[in-house]
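Please take a moment with the sequence and the model shown here, and then follow a short walk through a few of its residues.

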Amino acid sequence: MRFSSKLPDVGTTIFTVMSRRALEEGALNIGQGFPDYPIDPRLAESLTAAVAEGRNQYAPMEGVVELREEIAAKLERSYGRALDPLTEITVTCGGTEALYDAIQAVVSPGDEAIIFDPAYDAYEPAVRLAGGRCLRIALSPPAFGVDWDQVRRTVTGRTRLIIINSPQNPSCTVLSAADLDELAAVIRDRPITVLADEVYEHVLYDGRRHASVVAHPELKDSSFAVFSFGKTLHATGWRIGYCVAPPALTRELRKVHQFNTFSIVSPLQHAIAKYLAANPDVAAGLAGFFQAKRDLLAARLRGSGFEPVPAAGTYFQLVDYGALSQDRDTDFADRLIREAKIATIPLSPFYAAPPPMTLLRLCIAKQDATLEAAADRLCAFAARQTRA
Ligand SMILES: Cc1ncc(COP(=O)(O)O)c(C=O)c1O
């Protein structure tokens with residue numbers, strides 16, 4: 001059969017590649033972002049109850065109303081805004097579906113979307129499938145700060161979308177309220193929509209507060225904001241996320257959603273709704289929970305040759321291996337799998353044109369014992385390098 005690929009250069013994601021290599025080599029996988037500890041048993045019980053109660057048929061296309069009401073209540077607590085669950089909140093298959101739907105809703109053939117490297121890998125393929133193209137702005141380590149003059153210079157008459165991600169995976173940095181003001185100024189009076197990937201909204205460290213587009217006086221009117229219960233409830237396999245956007249954008253998003261997934265697993269939505277009703281402040285402890293893990297890992301690695309780069313948010317931690325090797329990060333990461341039996345995620349695959357750097361991403365959403373074992377293996381590997 002003859003056909004031409006729409007994404008000829010897209011291969012398997014770096015997460016799948018590294019997880020597969022970890023299995024092949026029997027390595028401890030602290031690369032891909034998923035918890036290795038159980039979900040709250042009350043959430044599990046809530047799911048069993050939802051199935052037993054017969055919540056097993058199609059959910060409403062927009063999402064179970066009780067869940068959207070809980071989401072609206074949560075958003076009001078977090079961002080001080082009363083959102084309409086009926087017209088401004090849509091439940092999706094993870095944050096990933098929300099990103100895809102939003103991109104399909106606003107990007108047409110020939111349009112441009114601006115994204116910031118290192119960029120989460122779901123953005124560009126979705127833009128290209130919509131017929132658009134990405135203009136990628138590279139952020140430089142270790143600060144990964146946005147140069148807003150460069151953004152202004154990158155905007156053209158064809159720019160329709162700017163995708164931001166804060167807290168940012170994989171740089172572990174966050175955008176400030178001032179950054180959002182700059183962004184608002186960039187899109188003011190232009191036909192540009194913002195897609196804000198905020199799946200790590202609750203994981204900011206050292207007392208930082210999340211600057212959400214949902215709470216921004218201007219951006220709230222021209223943005224899709226994407227969230228994920230996978231992150232908030234430590235349940236990445238449940239694949240439940242949601243998108244918050246003003247009614248006009250939500251209408252367009254739902255046109256894609258209804259022919260993409262149509263509606264999302266019914267008992268899971270009911271289970272989360274009941275669980276949130278009974279435990280409304282479940283997200284309040286997340287930052288402290290992950291900060292303790294970040295600090296545990298960083299304390300063990302400091303001075304080893306895998307130098308922790310200060311992380312402001314997300315459930316990842318970057319380490320700089322520059323003192324041990326100047327090898328390319330993808331090569332070095334593969335060597336770590338073979339020789340240290342540790343799988344990590346290199347940063348260069350998240351760039352179109354990677355700057356020189358020696359950084360690896362570790363996932364801290366792991367039991368303390370896993371993080372300690374990972375640190376021991378990394379330290380032992382580093383000690384072998386310095387002896388050699
Ligand atoms: C930055 C970012 N956006 C979106 C997602 C996707 O979220 P979900 O697993 O809910 O689809 C992830 C998951 O790792 C992520 O790190």
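Predicted model: local features only at pLDDT ≥ 70, side-chain atom pairs only at ≥ 80, totals over all residues.

C363 accordingly takes part in none, and the nearest cysteine sulfur, which belongs to C172, is 9.9 Å away, whereas a disulfide would need the two sulfur atoms within 2.5 Å. C93 is likewise in no disulfide, with the sulfur of C243 as the nearest cysteine sulfur at 14 Å. With a relative accessible area of 27%, C93 is partly exposed.

From the cysteines we can turn to a strand. T159 belongs to strand β5, which covers residues 159-165, and its relative accessible area of 1% makes T159 buried. What does the side chain of T159 reach at 2.8 Å? That side chain comes to the backbone nitrogen of T156. When neighbours within four places in sequence are set aside, the residues in contact with T159 are E112, I114, T154, P191 and I192.

The last stop is a helix, α2, which spans residues 41-52 and includes V51. V51 is partly exposed, at 41% relative accessibility, and, apart from neighbours within four places in sequence, V51 is in contact with N56 and P267. K255 lies 204 residues from V51 along the chain, and the C-alpha atoms of these two residues are separated by 29 Å.

Conventions. Residues numbered from 1 in each chain as written. Heavy atoms only, no water. Buried < 20%, exposed > 50% of the residue type's maximum accessible area, 1.4 Å probe, protein only. Helix = DSSP H or I, 4+ residues; strand = E, 2+ residues; numbered from the N terminus. Polar contact = N/O pair within 3.5 Å; in protein donor to acceptor, adjacent residues only side chain to side chain. Contact = heavy atoms within 4.5 Å.
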